[in-house]
Amino acid sequence: TDIRKIPFRIHEVVQNVIKVNLPLAEAKQMTVETEIPLSTTPIVGDPDLIGQVVLNLFSNAVKYSEPAKTVTVEVVEGAT
């Protein structure tokens with residue numbers, strides 16, 4: 001696979017992954033809380049591959065948590 005290097009905004013990728021995969025959490029009666037800014041600085045990379053990373057993290061959080069728990073997804077820009 002070729003890795004694309006295009007500008008994208010991470011908040012959009014994270015929001016989309018959560019939106020599309022929310023049924024995974026709902027099936028376990030889990031609550032998903034998000035702390036995602038309305039906008040982020042564009043970064044350069046492959047949004048599809050980053051989306052896969054976010055999906056893996058989210059699905060693991062759901063898979064390995066007990067039913068009816070809360071999963072929190074947070075995007076922090078400029079964290080050190």
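The model is a prediction, in which local features need pLDDT of at least 70 and side-chain atom pairs count only at pLDDT 80 or more, while totals for chains, interfaces and linings use all residues. Residues are numbered from 1 along each chain as its sequence is written, and side-chain values use heavy atoms, with hydrogens and water left out.

The secondary structure of the chain comprises 2 helices and 4 strands, where helices (H or I, at least four residues) and strands (E, at least two) are DSSP runs numbered from the N terminus. Read along the sequence, these elements follow the pattern β-α-β-β-α-β. The C-alpha trace spans about 40 × 30 × 20 Å along its principal axes. Of the 80 residues in the chain, 26% are buried; here buried means under 20% relative accessible area, exposed means over 50%, and partly exposed lies in between, with a 1.4 Å probe and protein chains only. Among the contacts in the chain with a separation of 6 or more, 89% join residues 24 or more positions apart, a contact being defined by heavy atoms within 4.5 Å.

The two helices pack against each other. The axes of helix H1 (residues 10-26) and helix H2 (residues 47-63) come within 9 Å and cross at roughly 40 degrees; axes are lines fitted to C-alpha atoms, for helices over the stretch in contact, and angles run from 0 to 180 degrees between N-to-C directions. H1 and H2 are therefore oblique to each other, since angles under 35 degrees count as roughly parallel, over 145 as roughly antiparallel, 65 to 115 as roughly perpendicular and the rest as oblique. On the side of H1, the contact is made by Ile10, Val13, Val14, Val17, Ile18, Asn21, Leu24 and Ala25, and on the side of H2 by Pro47, Ile50, Gly51, Val54, Leu55, Phe58, Ser59 and Val62. The residues of this contact comprise 13 nonpolar, 3 polar and no charged, where Ala, Val, Leu, Ile, Met, Phe, Trp, Tyr, Cys and Pro count as nonpolar, Asp, Glu, Lys and Arg as charged, and the others, Gly among them, as polar.

Asparagine 21, found in helix H1, is buried because its relative accessible area is 16%. With its neighbours within four places in sequence left aside, asparagine 21 is in contact with Leu55 and Phe58. Valine 53, which belongs to helix H2, counts as partly exposed at 45% relative accessibility. The C-alpha atoms of valine 53 and valine 17 are 9.9 Å apart in space, although the two residues are 36 residues apart in sequence.

In soluble globular proteins, nonpolar side chains tend to be buried together. The largest nonpolar core of this model has 12 residues, namely Val14, Val17, Ile18, Ala25, Met30, Ile36, Val54, Phe58, Val62, Val71, Val73 and Val75; such a core is a set of buried Ala, Val, Leu, Ile, Met, Phe, Trp, Tyr and Cys residues joined through side-chain atoms within 4.5 Å. H1, H2 and strand S4 (70-74) each supply at least two residues of this core, and the largest share, 4 residues, comes from H1. When residues up to four places away in sequence are not counted, valine 75 touches Ile10, Val14, Glu35, Ile36, Pro37 and Thr40.

Glutamate 33 lies in strand S2 (residues 31-35) and, at 42% relative accessibility, counts as partly exposed. Apart from neighbours within four places in sequence, glutamate 33 is in contact with Thr70, Val71, Thr72 and Val73.

Two loops remain to be described. In the loop between H1 and S2 lies glutamine 29, which has a positive phi of about 55 degrees although it is not a glycine, and which counts as exposed at 56% relative accessibility. The loop between H2 and S4 holds alanine 68, a residue other than glycine whose phi is likewise positive, near 70 degrees, and which is exposed at 55% relative accessibility. Proline 67 lies in the loop between H2 and S4 and is exposed, with a relative accessible area of 52%.
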